[in-house]
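Let's take a walk through this structure together. Have a look at the model, and then we'll go from one spot to the next.

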Amino acid sequence: MAEKNAYAIIAVGGKQYRVREGERLLVDRLAVEEGKTFHPDVLLLGGEGEPKLGDKLKGQQVTAKVAAHVLGKKVIVGKHKRRTGYRRRNGHRSRLSQIEIQTIGRKATREPAAKKTTTTAKKTTTTTKKEKAAE
């Protein structure tokens, strides 16, 4: 689905995002190293024509690359109860991952079985993994 208007809805970290190719977004910290690619769950593919859902998504995938692991903005949380002198101040910074969407909707290609050549003293044989499993 290499269309100009192609988009996908993906699920990452329990949240859903609408993404396009080349887009960067911040998501909750992922257990993937910087520079590595991964394939998030695809919920919908859209663009020109009818959107694809459910069984029509078979073999379709989105490829995303982890650009960086970053810290979010500092958030200050304050508590206060009137007339008692109760005040508390706390804060945190969210751990986030910045991801870049590389491809949308390209079918997952599977490489053909590699041929293995074995040489013995008298003959040379060539077999594939499927033939070997059948034996």
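In which strand does arginine 93 lie? Arginine 93 sits in strand 7. Strands here are DSSP runs of E with at least two residues, helices are runs of H or I with at least four residues, and both are numbered from the N terminus. Before going on, a word on where this comes from: this is a predicted model, where local features need pLDDT of at least 70, side-chain atom pairs count only at pLDDT 80 or more, and totals for chains, interfaces and linings use all residues. Residues are numbered from 1 along each chain as its sequence is written, and side-chain values use heavy atoms, with hydrogens and water left out.

Now for the overall layout. The protein chain has one helix and nine strands. Read from the N terminus, the order is β-β-β-β-β-β-β-β-β-α. The chain has 135 residues, and 23% of them count as buried. Buried means under 20% relative accessible area, exposed means over 50%, and partly exposed is in between, using a 1.4 Å probe and protein chains only. The accessible surface of the protein chain is about 10500 Å², with 48% of that belonging to carbon and sulfur atoms. Those areas come from the Shrake-Rupley method with a 1.4 Å probe, and for residues only the protein chains shown count as cover.

A contact here means heavy atoms within 4.5 Å.

Back to arginine 93. At 36% relative accessibility, arginine 93 counts as partly exposed. Arg93 also belongs to a positive surface patch, together with Arg29, Lys74, Arg89 and Arg95. Strand 7, which covers residues 86-107, gives the most to this patch, with three residues. A patch is built from residues with over 30% relative accessible area and no salt bridge, joining like charges within 9 Å and nonpolar side chains (Val, Leu, Ile, Met, Phe, Trp, Tyr) within 5 Å. Lys and Arg count as positive and Asp and Glu as negative, while His and the chain ends are not counted. Each charge is placed at NZ of Lys, CZ of Arg, CG of Asp or CD of Glu.

Salt bridges are our next stop. How many salt bridges does a search of the whole structure find? The search finds two, where a salt bridge is a side-chain nitrogen of Lys or Arg within 4 Å of a carboxyl oxygen of Asp or Glu. One of them joins the side chains of lysine 15 and aspartate 28, at 3.2 Å from N to O. Lysine 15 is in strand 2 (residues 15-19) and aspartate 28 is in strand 3 (residues 24-28), so this pair ties together parts that are 13 residues apart in sequence. Lysine 15 is partly exposed at 40% relative accessible area, and aspartate 28 is partly exposed too, at 34%.

The side chains of glutamate 100 and arginine 24 also meet in a salt bridge, at 3.4 Å from N to O. That pair links distant parts of the chain, with glutamate 100 in strand 7 and arginine 24 in strand 3, 76 residues apart. Glutamate 100 is partly exposed at 23%, and arginine 24 is partly exposed at 47%.

Let's stay with strand 3 for a moment. Aspartate 28 and serine 97 are 69 residues apart in sequence, yet their C-alpha atoms are 6.0 Å apart in space. Beyond its neighbours within four places in sequence, aspartate 28 is in contact with Gly13, Lys15, Arg95, Leu96 and Ser97. Leucine 26 is in strand 3 as well, and it is partly exposed at 44% relative accessibility. Leucine 26 and isoleucine 99 are 73 residues apart in sequence but 6.4 Å apart from C-alpha to C-alpha. Not counting residues up to four places away, leucine 26 touches Tyr17, Val70, Leu96, Ser97 and Gln98.

Glycine 78, in strand 6 (residues 60-81), is exposed with a relative accessible area of 60%. Its C-alpha atom is 8.3 Å from that of glycine 91, 13 residues apart along the chain. Arginine 83 is in the loop between strand 6 and strand 7. Arginine 83 has a positive phi of about 60° although it is not a glycine, and at 74% relative accessibility it counts as exposed.
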